[in-house]
Amino acid sequence: MQAKHAKYHRLIEACKALPPMSTAVAHPCDPSSLAGAIDAAKMGLIAPILVGPRVRIEAVAAEHGIAIAGYPIVDAPYSEASAAAAVQLVREGKAEALMKGSLHTDELMSAVVKRDTGLRTARRLSHCFVMDVPEHEQALIITDAAINIAPTLEEKADILQNAIDLGHALGLAEVRVAILSAMETVNPKVPSTVEAAALCKMVDRHQITGALVDGPLALDNAINLEAAHIKQIDSPVAGRANVLLVPDLEAGNMLAKSLSFLAGADAAGIVLGARVPIILTSRADPVISRLASCAVAALVARARRESGKAIG
């Protein structure tokens, strides 16, 4: 039996040799988002720049006993202005990551995707959960459960490449991607199976690189070797996947929440494909998930520095 959060603790441990990552924290105006940023700073994961209404941030800190002395605050009057100012810090090279505070995800992402003042790259933005599932040997990467609602084949290719690059940034010895559907056979009546087959052919043609990829696969034969053997699926991925690419946002969201609420999993969240990694956390996230999200971003930022590619 695995120790609880062992996989997250390994990620955090991997960051101990890294300098704290300068991080623009957009609108940390509630106790959970402000404490999350400061906790990550105390662990040496990030060097936060708090962006938002100074009076509110200081009031939340005072009321809840959060020590923010010594951390820079960039004053911004309201949530949309906080998002814009945080993005501008990245554009000016003053921050190498972005972290969501207590504003809505849409508000933050709206500032990120603005054509002239945002953080776009040629790559499609996509979200990944890095999930610590009890009793499962490795962390599971699930994409995309938060950004792309009904991605096209072209968009799925970027989502897939983002997830593969994330797997390498996290130090996976071998990235094995299962492209999920409701079945493991190609059925023209089920579009996700046809797109899975097309993505696999794109891998064969080196349009997508860096991983073993197979699909369509159903969830059981993607992560359970016995289920794969029963179905007689001959694949280096089946039963051993460490990345799960879902058909659409609804499927990804339900899968991630099922693992969280029925299997006791925790979920660290990150958005990839922008100039820098974007740390997405929820007010309901436990402290360990917030710290793990920061650790994931730090490892992505390191990989980005080393390769020169905008993987996060």
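Which residues does Ile68 touch, not counting residues up to four places away in sequence? In this predicted model, the partners of Ile68 are Leu34, Ile38, Leu50, Ile57, Glu58, Ala61 and Ile73. Ile68 also belongs to the largest nonpolar core, which holds 65 residues. Within that core, Ile68 is among the residues that touch the most other members, together with Leu45, Ile46, Leu166, Val177 and Val213. Helix α11, spanning residues 287-307, is the main contributor to this core, giving 12 residues. A second core is separate and comprises 25 residues. Its members include Val87, Ala95, Leu125 and Ala274.

Helices α5 (105-113), α6 (153-169), α10 (249-263) and α11 each supply at least two lining residues, as do strands β5 (126-132) and β10 (266-272). The largest share, 6 residues, comes from α10. By class, the lining divides into 20 nonpolar, 14 polar and 13 charged residues.

The second largest pocket holds about 250 Å³ of space. It is lined by 16 residues. Arg10, Leu11, Ala139, Leu170 and Leu172 lie nearest its centre. Two or more lining residues come from each of α1 (6-14) and α11. Helix α1 gives the largest share, with 4 residues. The lining of this pocket has 10 nonpolar, 2 polar and 4 charged residues.

Key
Residues are numbered from 1 along each chain as its sequence is written. This is a predicted model: local features need pLDDT of at least 70, side-chain atom pairs count only at pLDDT 80 or more; totals for chains, interfaces and linings use all residues. Side-chain values use heavy atoms; hydrogens and water are left out. A nonpolar core is a set of buried Ala, Val, Leu, Ile, Met, Phe, Trp, Tyr and Cys residues joined through side-chain atoms within 4.5 Å. Buried means under 20% relative accessible area, exposed over 50%, partly exposed in between (1.4 Å probe, protein chains only). Contact means heavy atoms within 4.5 Å. Ala, Val, Leu, Ile, Met, Phe, Trp, Tyr, Cys and Pro count as nonpolar, Asp, Glu, Lys and Arg as charged, and the others, Gly among them, as polar. On a 1 Å grid over the protein atoms alone, a cavity is a set of points where a 1.4 Å probe fits but cannot get out, and a pocket is an open set with protein on both sides within 12 Å along at least five of seven lines; lining residues have an atom within 4 Å of a point. Grid points are joined across faces, edges and corners, and a volume is the space filled by probe spheres set on the points.
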